[in-house]
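Please look over the structure below. The report that follows goes through it topic by topic.

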Amino acid sequence: MKFQPLRILLAGLLALFFFQAVQAQSSAYDKLQRGYVTLGLNGGLSYQTSEVQARYNGYGLGLTLAKNLWYHAASPITVDIRGRFLYARQYGLDGVRSLDIADNIGLNGSFGLDYLDYPANLGVSQGFVYHNYRTTLGELAAEAVFSWHTNRLGPGIFFSLYGGAGLDYFVPRIDQANASGAEYYEEYAQLDGSKGKNRRELLNSILDGNYETIPDNFPVSGETDFVLSLGAEVGIQLNHRFAVSLGHRVTFSGNNLLDGHQWEDSKGDLYHYTNLGLHWTLQSGAKKEKGKGPDISIIVPSQRPYHSNTSSGQVKARITNVQSAADIICTVNGQRMPFDYYGGDFALSFPLRKGKNDVNIQASNPYGRDLETVTIYYQTGGSDYIPPAPSPGPVPPPAPPAPPAPIPSPAPPPPSGSKPTVKIEQPATQLVTQKPTASVKAVLKGVGKASDITFLANGQKVTGFDYNPSTGVLTHLLPLKEGQNTISIKGTNTYGSAEASVKVTFEKPVPPPPPPPPPPPAPKKPLVDITQPDDKTVVAMPSVEVRATLKNIVRKDQITFIVNNSSTGNFTFSNGMFLATAPLRSGDNSILIRVKNDDGQAEDAIQVSYRVPPPPTPEKPEIRFTQPSQPGAGSIKASYTVKATVSRVEEAGDIAFKMNGKEMKGFQFDPESGLFAINVTLAEGQNDFELSANNAGGSAAARTSVNLKKPDVISPGEKPTIDITSISQPASNPLNPNVATSSMKALITGITRKEQILFTVNGNAVTDFTFDPETGAFSTTLILTRGSNAIVLKATNRIGSAEERRTIEF
């Protein structure tokens with residue numbers, strides 16, 4: 001049953017995933033727009049990396065809402081900003097004993113539970129616990145998400161990296177009290193074995209799983225911290241609207257109390273979240289852009305069908321609403337033909353075959369398509385003309401012989417015009433240049449195609465030039481020969497020809513004279529400067545680190561290192577830096593570094609004094625009583641164990657203990673841990689204790705006391721008694737200054753059960769207290785508010801009741 005929340009969560013997510021996977025098979029494709037919104041639901045395993053060993057039965061449930069910042073259909077990369085809410089619960093349990101609880105106010109008796117003093121019959125010499133925790137947390141965070149997709153618009157794989165920051169509110173609790181509110185003394189004392197075996201025994205047979213105790217020095221109402229997180233996800237994009245992912249997220253809490261425990265380790269606790277996630281894209285697809293389809297207007301020939309008596313066919317048209325010639329397809333008699341297209345003007349020249357010639361022009365864009373057909377009949381004479389075949393119809397009745405068919409008249413001559421013009425704009429005539437090429441630009445008017453142009457350079461025909469019939473502009477990059485170059489361009493049409501030419505002279509640049517040889521390098525004498533330590537330095541260690549800066553030295557064999565007139569090779573040299581550790585003798589020491597190259601030598605020397613420091617003065621002992629925790633503590637049992645820690649003492653003979661002025665023997669002392677303990681029999685009233693210790697550094701003493709109040713002998717017919725022994729000063733919560741806590745202890749006689757006690761704070765009943773029927777000890781932690789707080793403690797038996805009232809100001 002302990003794993004039930006995690007099982008239900010994963011089962012629900014998997015069911016939702018399979019439902020969405022089936023739905024995704026029929027989803028329609030819509031083109032996404034930048035700025036789409038993604039809703040995510042995730043759940044999985046949560047656990048900690050902290051002082052106490054983690055249990056892997058924690059769980060988490062999260063909700064994310066992301067806004068796309070960058071997206072392009074042609075790119076696999078997307079960038080999102082994402083908000084996250086996460087609810088998680090983590091568990092931990094150590095299978096080895098923890099002895100370091102003397103300062104743990106949740107376990108040393110300061111607030112009820114006291115694991116420092118086990119019952120004597122259990123044979124436990126030093127108090128201990130098995131640490132555990134349950135942490136419940138909620139997080140609000142913002143994350144930047146960078147994703148890579150194999151196919152963002154449809155099925156594919158994606159991988160995401162993200163990092164973020166947020167606020168965590170967390171409440172840890174520990175289970176160190178049984179169902180009756182008492183310590184697990186007997187159960188803990190019986191455990192012995194491997195770490196894994198102890199964990200199984202604790203989970204299955206000992207701990208009740210209530211997690212009722214506030215951890216050491218932790219606010220009652222919980223704590224809020226700023227956190228940072230990093231994570232990664234890998235997933236499947238089932239379509240552009242739905243995806244599933246598997247991810248892992250690590251949160252850096254910056255707090256060492258995330259598990260409720262804080263030892264010597266000062267590093268912040270981490271918590272992990274391994275999860276299955278479902279993602280829905282909420283934005284619908286982009287609206288289709290509206291635009292105009294292509295439009296084709298035939299200009300030449302003006303008549304359709306057209307009859308030609310020349311073997312060359314021409315078609316000109318105006319085509320709009322296309323971006324380039326790539327959007328146009330032209331076929332002649334079913335074969336694709338090259339054409340010219342510029343600025344919306346279409347031009348086609350092609351050889352005609354006898355009879356019918358069909359020219360199809362098709363233009364398309366994202367909004368539509370247009371198709372035009374031109375039919376040209378080519379005939380060399382009247383008898384060669386073959387009219388289109390008539391469509392089949394009913395067989396006519398016999399008719400008288402028809403007169404001979406008239407000979408068709410020849411096609412009309414082409415309209416009159418003018419011969420072309422040619423103007424070379426670049427290069428200028430008589431140009432002299434030192435560049436081996438020249439940019440040629442000419443403007444021709446009345447020339448329909450590149451084949452009607454003759455381009456000559458120095459009498460040689462030039463091919464591969466660019467010509468746009470729509471603008472009449474010819475361009476070409478022409479290689480030049482050394483000396484004078486003649487460039488000639490001639491254009492021809494039906495009505496004549498025109499020619500223009502220029503002359504360009506190419507002169508090779510004269511190379512500059514070679515630079516003079518460099519002068520021989522100047523001599524470079526070596527330099528050495530000892531930078532550490534300074535000359536006349538006095539040290540307290542038998543060695544010293546020597547550093548120096550060397551110039552004009554490139555090899556280690558150019559260096560001599562001498563300490564106290566003895567040469568040594570124990571040094572390193574790299575990039576002009578010298579480093580060595582020089583051994584020192586007591587007194588003065590000489591250190592010398594000598595360097596040498598082909599241009600000379602140099603040296604630097606210092607003196608270092610080694611003075612052996614005097615032995616340190618030992619510190620005197622330190623003594624601190626741990627039981628009782630404060631002078632004047634109360635007890636209703638005459639048998640009492642006094643405990644203390646004594647540091648800087650090597651043997652029990654250096655310690656003396658007095659009770660009520662009388663020296664006592666038979667105490668126990670461990671020099672390694674410094675733990676002191678002695679069992680005494682208290683006298684009724686105040687008992688004074690004095691513990692003293694000495695060493696080579698001096699002596700120290702500490703004093704404390706315990707009050708023994710013997711409970712009155714109650715006959716079967718007497719009512720209970722109550723004695724409130726202590727109430728601590730209120731301690732406010734830094735996160736909630738209007739709330740404070742205080743500890744209260746009392747001795748109650750005449751009752752045998754916790755249920756016979758009525759305890760109220762400001763009129764509200766409180767059951768979170770402990771009561772020992774054998775000793776009559778009552779303890780609790782008070783939650784106080786600003787102002788006067790009324791405390792009422794009442795005990796009742798079948799004879800009567802007793803009541804004590806107190807008022808605490810906060």
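## An exposed proline

Pro523 counts as exposed, because its relative accessibility is 67% and the cut-off for exposed is over 50%. In this predicted model, Pro523 sits in the loop between β26 (496-506) and β27 (527-532). Gly600 is 77 residues away from Pro523 along the chain. The C-alpha atoms of Pro523 and Gly600 are separated by 9.1 Å.

## The protein overall

The protein has 810 residues, and 40% of them count as buried. Three helices and 53 strands are present. The accessible surface comes to about 45300 Å². Carbon and sulfur atoms hold 54% of that surface.

Arg84 is found in strand β3. Is Arg84 buried or exposed? Arg84 is buried, because its relative accessible area is 4% and buried means under 20%.

The side chains of Arg84 and Glu143 are joined by a polar contact of 2.7 Å. The pair also forms a salt bridge, with the closest N and O atoms 2.7 Å apart. This pair links distant parts of the chain: Arg84 lies in strand β3 and Glu143 in strand β4 (residues 132-149), 59 residues apart.

Which residues are in contact with Arg84, leaving aside its neighbours within four places in sequence? The list includes Asn42, Leu63 and Thr64. It also holds Glu139, Leu140, Ala141 and Glu143. Tyr162, Glu233, Arg249 and Tyr273 are in contact with Arg84 as well.

## Other salt bridges

Side chains of opposite charge can pair when their charged atoms come close. The count for this protein comes to 22 salt bridges.

Arg304 forms a salt bridge with Glu372, with the closest N and O atoms 3.4 Å apart. Distant parts of the chain are linked here: Arg304 is in the loop between β9 (295-300) and β10 (306-308), and Glu372 is in strand β17 (residues 368-378), 68 residues apart. Arg304 is partly exposed, with a relative accessible area of 46%. Glu372 is partly exposed, with a value of 21%.

Asp588 forms a salt bridge with Arg611, and the closest N and O atoms are 3.7 Å apart. Asp588 lies in strand β34 (residues 587-597) and Arg611 in the loop between β35 (600-610) and β36 (622-627), so the pair ties together parts 23 residues apart in sequence. Asp588 is partly exposed, with a relative accessible area of 40%. Arg611 counts as partly exposed at 43% relative accessibility. Elsewhere, salt bridges that share partners join six residues into one network: Arg82, Arg84, Glu139, Glu143, Glu233 and Arg249.

## A nonpolar surface patch

A nonpolar surface patch covers about 980 Å². Among its residues are Leu69, Trp70, Ile77, Ile81 and Trp148. Ile157, Phe159, Leu161, Val234, Ile236 and Leu246 also belong to the patch.

Which strands each supply at least two residues of the patch? They are β2 (54-70), β3 (77-93), β5 (156-173) and β6 (223-237). The largest share, three residues, comes from β5. Leu246 is in strand β7 (residues 242-252). Leu246 counts as exposed, because its relative accessibility is 52% and the cut-off is over 50%.

Side chains alternate along strand β42 (residues 675-681). Phe676, Ile678 and Val680 point to one face and are buried.

Strand β38 (residues 639-647) runs antiparallel to β42, and seven bridges join the two. Tyr640 has Val680 in β42 as its bridge partner. Strand β41 (residues 668-670) also pairs with β42 in the antiparallel sense, over three bridges. Here, the bridge partner of Phe669 is Phe676 in β42. The hairpin of β41 and β42 has four residues between the strands. In this hairpin, Gly674 takes a positive phi near 80 degrees.

Conventions: Residues are numbered from 1 along each chain as its sequence is written. This is a predicted model: local features need pLDDT of at least 70, side-chain atom pairs count only at pLDDT 80 or more; totals for chains, interfaces and linings use all residues. Side-chain values use heavy atoms; hydrogens and water are left out. Buried means under 20% relative accessible area, exposed over 50%, partly exposed in between (1.4 Å probe, protein chains only). Two strands pair if DSSP finds at least two bridges between them. Patches are made of residues with over 30% relative accessible area and no salt bridge: like charges are joined within 9 Å, nonpolar side chains (Val, Leu, Ile, Met, Phe, Trp, Tyr) within 5 Å. Accessible areas come from the Shrake-Rupley method with a 1.4 Å probe; for residues, only the protein chains shown count as cover. A salt bridge is a side-chain nitrogen of Lys or Arg within 4 Å of a carboxyl oxygen of Asp or Glu. A polar contact is a pair of N or O atoms within 3.5 Å; within protein, one must be able to donate a hydrogen and the other to accept it, and residues adjacent in sequence count only if both atoms are side-chain atoms. Contact means heavy atoms within 4.5 Å.
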